[in-house]
Amino acid sequence: MSAAVLTARVLFWGGVVSIALMTVGVLGFALHGGLAPDAAVFTSVSQVVRAVSQWPVDPLGVAGLGILLLMITPALGVVTAFVAFLAAGDFRYAGISGLLLIGLLISLVFAAGG
Amino acid sequence: MSILFVLSTFGAAVGVGVIGAILGLGGGILLVPILTMFFGVKLHYAMGASIISVIATSSGAAAGYLRSGLSNIKIGLFLAMATVSGALLGAALVGVVPERVLELIFGAALAHSAFMTFRQLGIDVPAESEAHPLAVRFALEGTYHDRALSRHVSYRATRVKSSIAAMFAAGVLSGLLGIGSGAFKVLAMDYFMKLPMKVSTATSNFMIGITAAASAGIYFGRGDIHPVLVTPVAVGVLAGAYVGTNLLTRLRNTTVRALFLPVLLYLAGSMILRGLGVL
């Protein structure tokens with residue numbers, strides 16, 4: 001299977017699963033207490049993890065999980081392209097995908113520090 | 001937030017997704033004003049929703065375009081490398097470079113591009129030109145089946161160095177000013193690389209997700225991504241992107257370029273006005 005088709009699958013399923021999680025989470029939240037405008041806004045991954053690891057699960061935490069998954073979906077696409085090019089022996093494009101991933105990682109470090 | 005609010009934002013997001021998928025833009029230039037002006041959403045939440053909508057449009061549209069061959073993964077990755085490096089430099093230059101001067105320069109560049117796009121309005125498939133050594137070396141070429149023309153169209157990138165420079169500059173701009181660069185990506189591929197317009201917008205769709213992902217963490221960390229607002233927007237945009245992808249395969253390159261022109265004019269005008277301190 002080509003790098004393009006594999007990457008397409010990862011992007012598609014990443015989008016679908018994250019949207020499903022976000023929808024279930026927000027619907028669950030609305031059924032519990034309506035769409036309060038002062039609903040919690042997450043600012044860190046650990047807050048989302050805490051919200052979904054408690055019982056009963058915080059529905060907004062499920063939505064937060066979907067948001068995080070959607071945010072990393074493009075990077076997962078680049079990882080897939082990297083692996084697919086490497087497997088196909090196209091080292092030039094495996095290198096380009098690898099450099100792109102390093103660039104994304106540096107941006108994340110910037111984001112974490114900023 | 002009422003059910004009516006959720007349904008209306010969903011409806012607006014569907015429209016943004018359709019346009020974004022066809023024109024290779026994240027939709028931020030449409031979504032932010034719609035959410036703030038018509039729905040009274042605070043600017044920072046609107047910007048958070050916009051960055052998520054860019055990723056949703058990109059994931060939805062790029063998946064379809066990569067499968068159909070309209071989006072070129074190699075050209076996308078090759079150019080994304082230049083944009084991400086530019087964005088890193090741009091982020092490091094915040095506060096060092098006079099932003100207004102840059103806005104004026106880029107505004108003028110966009111106005112010039114709008115003029116060139118206007119002159120090329122009638123061109124459907126660019127004429128085949130001499131192969132650029134870098135395009136051959138990096139296989140910056142492809143073929144897709146054009147349903148509007150009912151034939152296969154082959155293309156190969158030209159002026160590769162200029163397009164790398166344009167993408168790097170677009171990255172600096174988005175890192176420095178925090179604005180999306182979908183329009184610049186389309187321009188670099190359409191104007192410099194001379195790719196068919198549909199390939200340019202489809203490949204831009206793949207790339208905007210990558211560059212948005214690089215800055216989405218900042219918005220999340222600042223608490224700008226409101227789950228209850230972002231969810232109907234993301235679902236709507238994804239649905240719209242699905243419709244848009246199917247539409248683009250049927251549209252002619254000339255139609256896509258004609259739709260792109262007003263976006264360029266709007267961007268050029270708003271950037272020049274920001275540079276002059278009017279906006």
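In this predicted model, 45 residues of chain B are in contact with 45 residues of chain A. Four helices of chain B, namely α3 (43-68), α4, α9 and α10 (227-250), each give two or more residues to the side that touches chain A.

**Side of chain B that touches chain A**
- Helix α4(B) provides the largest share of this side, with 11 residues.
- By class, the side of chain B that touches chain A consists of 31 nonpolar, 12 polar and two charged residues.

**Helix α4 of chain B and its packing on α9**
- Helix α4(B) has 20 residues, and its first and last C-alpha atoms are 28 Å apart, close to the 28 Å expected at 1.5 Å a residue.
- Of the 20 residues in α4(B), 17 are buried, which leaves the helix mostly covered.
- Helix α4 (residues 73-92) of chain B packs with helix α9 (residues 197-221) of chain B at an angle of about 35°, and their axes are 9 Å apart.
- On the α4(B) side the contact is formed by B:I73, B:I75, B:G76, B:L79, B:A80, B:T83, B:V84 and B:A87, and on the α9(B) side by B:T203, B:F206, B:M207, B:I210, B:T211 and B:A214.
- The contact of α4(B) with α9(B) counts 10 nonpolar residues, four polar ones and no charged ones.

**Packing of α3 on α9 in chain B**
- The axes of α3(B) and α9(B) lie 8 Å apart, at an angle of about 145°.
- The crossing of α3(B) with α9(B) is left-handed.
- Residues of α3(B) in this contact include B:M47, B:G48, B:I51, B:V54, B:I55 and B:Y65, and those of α9(B) include B:A202, B:N205, B:F206, B:G209, B:A213 and B:Y219.
- Between α3(B) and α9(B), the contact holds 15 nonpolar and seven polar residues, with no charged residue.
- B:F206 takes part in the contact of α9(B) with α3(B) and also in that with α4(B).

**Helix α5 of chain B**
- Helix α5 (residues 99-119) of chain B has 21 residues and spans 30 Å from first C-alpha to last, close to the 30 Å expected at 1.5 Å a residue.
- Buried residues in α5(B) are B:E103, B:F106, B:G107, B:L110, B:S113, B:A114 and B:T117.
- Viewed down the axis of α5(B), these buried residues fall within an arc of 125°, so they line one face of the helix.
- B:V101, B:M116 and B:R119 are exposed on the other side of α5(B).

**Backbone features in loops**
- A cis peptide bond links A:W55 to A:P56, with omega near -5°.
- A:P56 sits in the loop between α2 (45-53) and α3 (59-87) of chain A.
- B:A139 is not a glycine, yet has a positive phi of about 50°.
- The loop that holds B:A139 runs between α6 (133-137) and β1 (141-146) of chain B.
- B:A139 has 16 other C-beta atoms within 10 Å and is therefore partly exposed.
- B:R159, also not a glycine, has a positive phi of about 40°.
- B:R159 is found in the loop between β2 (151-156) and α7 (160-177) of chain B.
- B:R159 counts as partly exposed because 18 C-beta neighbours lie inside 10 Å.

Note on methods
Residues numbered from 1 in each chain as written. Chains lettered and ligands numbered in written order. Predicted model: local features only at pLDDT ≥ 70, side-chain atom pairs only at ≥ 80, totals over all residues. Axes fitted to C-alpha atoms, helices over the stretch in contact; angles between N-to-C directions. Contact = placed C-beta atoms within 7 Å. Nonpolar A, V, L, I, M, F, W, Y, C, P; charged D, E, K, R; others polar. Expected span 1.5 Å × (residues − 1). Buried ≥ 20, exposed ≤ 12 C-beta atoms within 10 Å, placed from the backbone. Arc of directions from axis to C-beta. Left-handed = near helix turned anticlockwise from the far one by under 90°.
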